[in-house]
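The notes below are meant to be read beside the coordinates.

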Amino acid sequence: MSRSLSAQHIVKHYGGVVALSDGNLNIQSGEILALIGANGSGKSTMSKVINGVVDFDGGQLLLDDKPVQIPSPQAAKNLGIATVFQELSLVPQMTIADNIWLTREPLKSTKAINRKLINQRTEELLALFEGTLRTKIHPELPVSTLPPDEKQIIEILKAISLNPWLIILDEATASLDSRQVDRLFELIRRWKAEDKAIIFISHRMEEIFRIADRFSVLRNGKTVGDGNMKDITDKQLVQLMIERENVYEFTKASTAAEKTTSTNPVYLEVEDLETDTIRGISFKVKEGELVGIGGLRGQGQRDLLLAIFGDIPYSGKIKIKDQAVHFKNPRTAIKHSIALVPGERAREGLLYIRSILENLHLPNWDKYGFPLKIRKAQEDARKIGLRLNLVMASLMEPVSSLSGGNAQKVVIGKWLLRDPQCYLLDDPTKGVDVNTKSEFYSLLTGLCKDGKTILFYSSDDDELIGLCDRVLVLHDGVIRAELTGETLTKENLVAASLGVTNGGAA
Amino acid sequence: MKRLYISPPVAALILAIILFLLSGFLPNGFGNDINIAIAQATNILRLSVFLGVIAAGQTLVILSGYEGIDLSAGSVVTLTAILTYVLVNGRDEKVFYAFLIALLAGALVGLINGLGITFLKISPFVMTLSMSGVVTGLIIIINHGNVSGKVAPIMTRLIARPLSPNIPIPNAIIIWVIFGILMWLLLERTTFGKHVFAIGVNRVTSRLSGINVNATNLAVYSLAGALAGFGGFLVVGNTGVVFIALGQPFLFPSIAAVAVGGTLLSGGKGSYWGTMAGAIVLTLITSLLTTMQMPESIRRVVLGATLLVMISIYGRQRGFRQ
């Protein structure tokens with residue numbers, strides 16, 4: 001049976017903020033629709049309208065051409081609409097199996113949960129991603145023990161377990177590595193063949209072109225275009241999204257920065273670094289150098305940055321400007337002029353309910369004496385805001401009022417005042433819109449020009465290739481390849497990420 | 001439509017004023033005599049000071065988050081009241097010495113709380129409840145149930161009397177106002193205060209931003225203990241007598257005052273102004289019910305209900321669902 005869902009002229013306000021002013025979307029079974037737009041354009045709101053999470057103020061939803069109300073997520077599920085959420089909706093303390101089957105546990109005749117059946121069905125679901133999961137995964141493992149990518153996969157499996165006809169994937173690939181994305185795409189094609197419909201939301205243009213049949217572009221809460229993927233180029237799509245010219249060249253444009261770092265002195269030297277996940281890593285970074293760290297997710301990149309920053313114990317040697325250091329905590333690392341932009345900004349980088357001002361000054365209050373010179377602090381924060389082009393109502397608003405990209409600017413902004421010599425960046429452009437990304441790139445190249453040293457992990461290969469002088473590819477806790485100049489190509493990067501040793505890369 | 005937003009401290013203060021004005025219509029209320037009204041208001045404020053100071057420490061621990069609470073505040077009040085009573089023993093010259101000992105004793109109990117919570121990872125609820133038992137037990141062991149002592153005249157003069165016959169404001173209120181300003185300075189104008197809010201919201205973010213989370217937490221509990229100690233010193237200066245159950249009745253209201261004042265019980269957001277307003281509201285309700293000759297049981301019902309109503313109003317204001 002062919003099914004369809006259509007959203008027409010959807011309007012949604014959050015207080016005074018218009019999230020959607022004219023949102024439109026049509027999808028039929030057997031179709032993969034890419035919902036595209038910059039951060040804050042209304043993609044997430046659109047998906048929340050369809051899956052019943054938010055109540056909208058105007059417009060209507062048609063299911064199989066008949067008006068329909070979707071007042072709650074439960075109602076959406078009953079209508080066969082399942083969502084893979086961007087913000088994870090798993091209960092950390094519960095097991096994988098319990099999370100997937102929550103509220104729908106298979107029961108025995110005694111009304112007790114049928115553990116055998118629940119585990120068996122979970123095994124079947126896990127088998128869909130077999131070979132892409134790093135740990136030996138088991139239905140009875142608590143979700144809290146899983147790395148972010150595997151949590152995301154459990155989230156996907158949970159949606160699939162509902163056997164829906166329409167699946168909404170909201171940034172579901174953001175925390176997956178390329179192997180996992182490949183598998184997910186295989187599955188999506190299989191679901192399409194089974195006549196399911198998929199709404200695919202992603203910031204990665206390349207993925208959209210790989211998987212989607214049709215697109216629908218949102219800009220400032222308005223649907224500004226839709227059509228078939230084969231009739232449009234990536235450049236045209238980006239144009240639709242941002243109303244600004246020549247932005248797609250963002251990464252390449254910033255590579256024009258002078259790369260005359262070869263004569264600079266070495267700033268950071270790491271020798272035989274080992275942690276729980278890292279098995280002996282050595283490298284040197286010169287002043288003014290922007291060194292990328294690549295590889296699949298969870299290969300030790302995070303631990304590498306955290307170890308240098310003193311947040312996790314390690315063995316091995318770290319030298320800064322030829323001086324051996326061993327930071328026991330981030331505080332000491334910060335005193336030695338090192339800054340870290342952590343990977344999960346909500347959980348590790350921000351105080352959500354506190355003001356933008358306080359977030360920007362979190363590491364800096366000691367500079368303002370007693371009693372704190374608030375006016376000076378506000379002035380400094382305003383300058384940082386201007387430098388980062390931070391879009392905000394006022395410094396006193398909570399960080400929670402900012403869009404993802406602007407919130408990430410705050411995470412970086414709090415360090416700028418200290419003017420550290422070395423920045424450790426853990427995937428800082430994850431889930432950030434194209435505009436903000438290009439702003440970041442120019443910020444980073446600017447910092448390097450000023451002689452700052454940057455160690456930059458990114459899950460986006462294009463970003464690493466476009467931006468970095470040199471990329472260290474991590475695989476299973478060791479540096480699999482060091483790519484630079486001629487060898488810094490996508491083929492080599494992907495090959496090294498997958499642990500394939502091909503002659504030219506090393 | 002834009003919802004009218006009133007900040008919690010203001011809301012609590014408005015509630016206090018409305019309640020006070022209504023109390024004028026009671027059979028034995030102030031009626032239309034402005035002088036009696038002022039005298040009554042002054043008295044309520046004076047009584048609020050003790051709860052207000054004890055609730056200052058409670059505000060700090062609750063702000064510091066991660067289920068922060070100080071259930072030992074009541075027994076610390078008893079402890080330091082008795083210490084002051086015994087050490088002073090009627091001598092004016094011993095007052096300052098006793099005051100320091102009261103602060104130190106409170107801080108010591110707080111430090112032990114902090115050590116247990118920070119390093120042994122005992123939950124604040126369990127840790128401070130246990131310490132409450134330990135402190136109360138120690139008082140009984142040391143005193144065998146009877147204490148001999150006396151407050152000094154200068155304490156009564158400093159705490160219970162007005163500044164001068166011409167200005168009929170009791171010193172306790174003036175002390176409280178200064179104390180309030182100091183608390184505001186501490187929370188809003190020191191690095192320490194900013195760190196208290198930070199660790200109350202998110203300790204991972206705090207740690208990765210270079211805050212010494214453990215030291216801050218330890219300082220919060222020690223300071224909270226010292227403030228409860230200060231509360232005990234004030235209480236005994238006002239009542240002039242001590243007994244083993246002196247401090248305990250302050251415990252529930254000290255938490256309630258923080259909540260009524262709009263401080264998030266989950267930590268990271270709030271103010272001492274709010275707690276001051278909360279202390280006034282709770283003291284006012286208690287004394288109104290006492291005037292109306294309501295039994296203790298009814299008073300407890302009304303206090304509990306007030307807490308629920310205020311918290312649910314604040315919850316609604318934050319926009320629970322879009």
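1. Helices here are DSSP runs of H or I with at least four residues, and strands are runs of E with at least two, numbered from the N terminus. On that basis chain B has 13 helices and two strands. The model is a predicted one, and the points below should be read accordingly.

2. Overall form of chain B. Its C-alpha atoms fill a box of roughly 60 × 60 × 35 Å along the principal axes. The radius of gyration of chain B is 20 Å, in agreement with the value near 20 Å that a compact globule of 322 residues would have. Of those 322 residues, 48% count as buried. Among contacts in chain B with a separation of 6 or more, 75% are between residues 24 or more positions apart.

3. Overall form of chain A. The secondary structure of chain A amounts to 18 helices and 20 strands. Chain A is as compact as a globular protein of its length, because its radius of gyration of 24 Å is close to the 23 Å given by the globule rule for 506 residues. Its C-alpha trace spans about 70 × 50 × 50 Å along the principal axes. Buried residues make up 47% of the 506 in chain A. Residues 24 or more positions apart account for 68% of the chain A contacts that have a separation of 6 or more.

4. Domains of chain A. The assignment gives domain 1 as 4-250, domain 2 as 264-337 + 421-506, and domain 3 as 349-419. Between the centres of domain 1 and domain 3 of chain A, taken over C-alpha atoms, the separation is 33 Å.

5. A six-stranded sheet in chain A. This open sheet has the strand order 16-17-18-13-19-20, and its pairing is mixed. Strand 16 (338-341) and strand 20 (478-484) of chain A are the edge strands; each has a single partner strand, so one side of each has no neighbour in the sheet. From one strand to the next the twist averages 20°.

6. Pairing within that sheet. Strand 13 (residues 290-294) and strand 18 (residues 453-457) of chain A run parallel and are joined by four bridges. In this pair, Leu290(A) stands opposite Ile454(A) of strand 18 of chain A.

7. Helices packed on the sheet. Helix 10 (residues 301-308) of chain A touches strand 13, strand 16, strand 17 (422-426), strand 18 and strand 19 (470-475) of chain A, and its direction makes about 150° with that of strand 17. Helix 18 (residues 490-497) of chain A also packs on the sheet, touching strand 13, strand 19 and strand 20 of chain A; its direction is at about 25° to that of strand 19.

8. A loop residue in chain B. Val241(B) lies in the loop between helix 10 (213-239) and helix 11 (251-260) of chain B. Is Val241(B) buried or exposed? Val241(B) counts as exposed because it has 12 C-beta neighbours inside 10 Å, and the limit for exposed is 12 or fewer. Val258(B) is 17 residues away along the chain, with 27 Å between the two C-alpha atoms.

9. The contact between the chains. In chain A, 25 residues are in contact with 19 residues of chain B. Helix 11 (330-335) and helix 12 (345-349) of chain A each supply at least two residues of the side that touches chain B. By class, that side of chain A has 16 nonpolar, one polar and eight charged residues.

Methods:
Residues numbered from 1 in each chain as written. Chains lettered and ligands numbered in written order. Predicted model: local features only at pLDDT ≥ 70, side-chain atom pairs only at ≥ 80, totals over all residues. Contact = placed C-beta atoms within 7 Å. Nonpolar A, V, L, I, M, F, W, Y, C, P; charged D, E, K, R; others polar. Domains from an automatic or database assignment. Rg over C-alpha atoms; globule rule 2.2 N^0.38 Å. Buried ≥ 20, exposed ≤ 12 C-beta atoms within 10 Å, placed from the backbone. Pairing = 2+ DSSP bridges. Axes fitted to C-alpha atoms, helices over the stretch in contact; angles between N-to-C directions.
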